[in-house]
Amino acid sequence: MSEQSCLVRNEWVCGEYLRTRSQELVDATVQHVGITVASVLIGVVISLPLALLARRGRVFAAPVLGVTTVVYSIPSLAMFSLLLPLFGLSASLVVTGLVLYSLTILVRNILAGLQSVPEEATEAARGMGYGPLRLFWEVELPLALPALLAGVRIATVSTVALTTVGAIVDYGGLGTLILDGLDSDFKAQVLTASVLCVVLAILADLLLLGLQRRLTPWTRATAVRSGRRLRLRLRGAQAPTAEPEPEPEPQPEKVA
């Protein structure tokens, strides 16, 4: 009986809320995940050519990085307001804003990954007759994957958080539940939706971390070798050095 009255008492932790509003929570979570996945995927597709353009030199890098940084600095409420005349009150409005926010993270990480590709690898590929497109897909992109996937992880976690702001246009996933709960002082709804947002961010990061390790196994091997070399150096530095034995003093010769 007391468990049923937790809704009436407006408690923060309420099992009755989970049972009676489970479908509402599932629908909001699905919408949240859908908006996040769409935003990150579109962001990656746009960021790849922008990073390739920025790699061509400072003439292109400065405007590309500058514009994406300026876009990222725009407050989310102002961003959605600027996009409202173009998309209206729709999910496209939220997705477009989140895509723009993800560009500064993704472009910089993809560019860093491409710039970290060893020159020896690209020269060897060109010597084997690789054209620009084949060189990118088979040599440069695989070697840039660690930095690219690291950027995707950061962008995904950031997007999970920013999706909640879409609640102002009723397309915020779990953010809509949080905003409605704050307006009505519904404590159980606010806490449950907030916890689900945190869980989504953690799960997304762990899944992408597992994907990153699976697609880039050589990074773990490199880390293991580096760790072994570091331990050997530390052991060598801590090993006591043998002190040289003192040379015996010359004995005076006896006079016959």
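## Largest pocket

Three helices each supply at least two residues of the lining of the largest pocket: helix 3, helix 8 (132–163) and helix 10 (187–215). Helices here are DSSP runs of H or I with at least four residues, numbered from the N terminus, while strands are E runs of at least two. Helix 3 gives the most to this lining, with six residues. The volume of the largest pocket is about 270 Å³. Its lining has 14 residues, and the closest to the centre are Val33, Thr36, Val37, Thr156 and Ala204.

By class, the lining of the largest pocket has 11 nonpolar, three polar and no charged residues. Nonpolar covers Ala, Val, Leu, Ile, Met, Phe, Trp, Tyr, Cys and Pro; charged covers Asp, Glu, Lys and Arg; the others, Gly among them, are polar. A pocket is an open set of points on a 1 Å grid over the protein atoms alone, where a 1.4 Å probe fits, with protein on both sides within 12 Å along at least five of seven lines; lining residues have an atom within 4 Å of a point. Volume is the space filled by probe spheres set on the points, which are joined across faces, edges and corners.

## Model and numbering

The model is predicted: local features need pLDDT of at least 70, side-chain atom pairs count only at pLDDT 80 or more, and totals for chains, interfaces and linings use all residues. Residues are numbered from 1 along each chain as its sequence is written, and side-chain values use heavy atoms, with hydrogens and water left out.

## Overall fold

The protein chain has 11 helices and zero strands. Along the sequence the pattern reads α-α-α-α-α-α-α-α-α-α-α. Of its 256 residues, 36% are buried. Buried means under 20% relative accessible area, exposed means over 50%, and partly exposed lies in between (1.4 Å probe, protein chains only).

## Second largest pocket

The second largest pocket holds about 240 Å³ of space. Of the 14 residues that line it, Arg55, Leu114, Thr122, Arg126 and Glu140 are the closest to its centre. Helix 6, helix 7 (119–127) and helix 8 each supply at least two lining residues. Helix 8 gives the most, with four. The lining of the second largest pocket divides into seven nonpolar, two polar and five charged residues.

## Helix 3 against helix 6

The axes of helix 3 (residues 22–54) and helix 6 (residues 91–115) come within 7 Å and cross at roughly 45°. That angle makes helix 3 oblique to helix 6. Oblique is what remains after roughly parallel (under 35 degrees), roughly antiparallel (over 145) and roughly perpendicular (65 to 115). Axes are lines fitted to C-alpha atoms, for helices over the stretch in contact, and angles run from 0 to 180 degrees between N-to-C directions.

Helix 3 passes helix 6 in a right-handed crossing. Right-handed means that the near helix is turned clockwise from the far one by less than a right angle; anticlockwise is left-handed. The residues of this contact divide into 20 nonpolar, four polar and no charged.

## Individual residues

Cys6 is in helix 1 (residues 6–9). Its relative accessibility is 4%, so Cys6 counts as buried. The C-alpha atoms of Cys6 and Ala188 are separated by 9.0 Å, although the two residues are 182 residues apart along the chain.

Two aspartates have positive phi. Asp170 has phi near 70° and is found in the loop between helix 8 and helix 9 (174–184). At 51% relative accessibility, Asp170 counts as exposed. Asp185 has phi of about 55° and sits in the loop between helix 9 and helix 10. Asp185 is partly exposed, at 48% relative accessible area.
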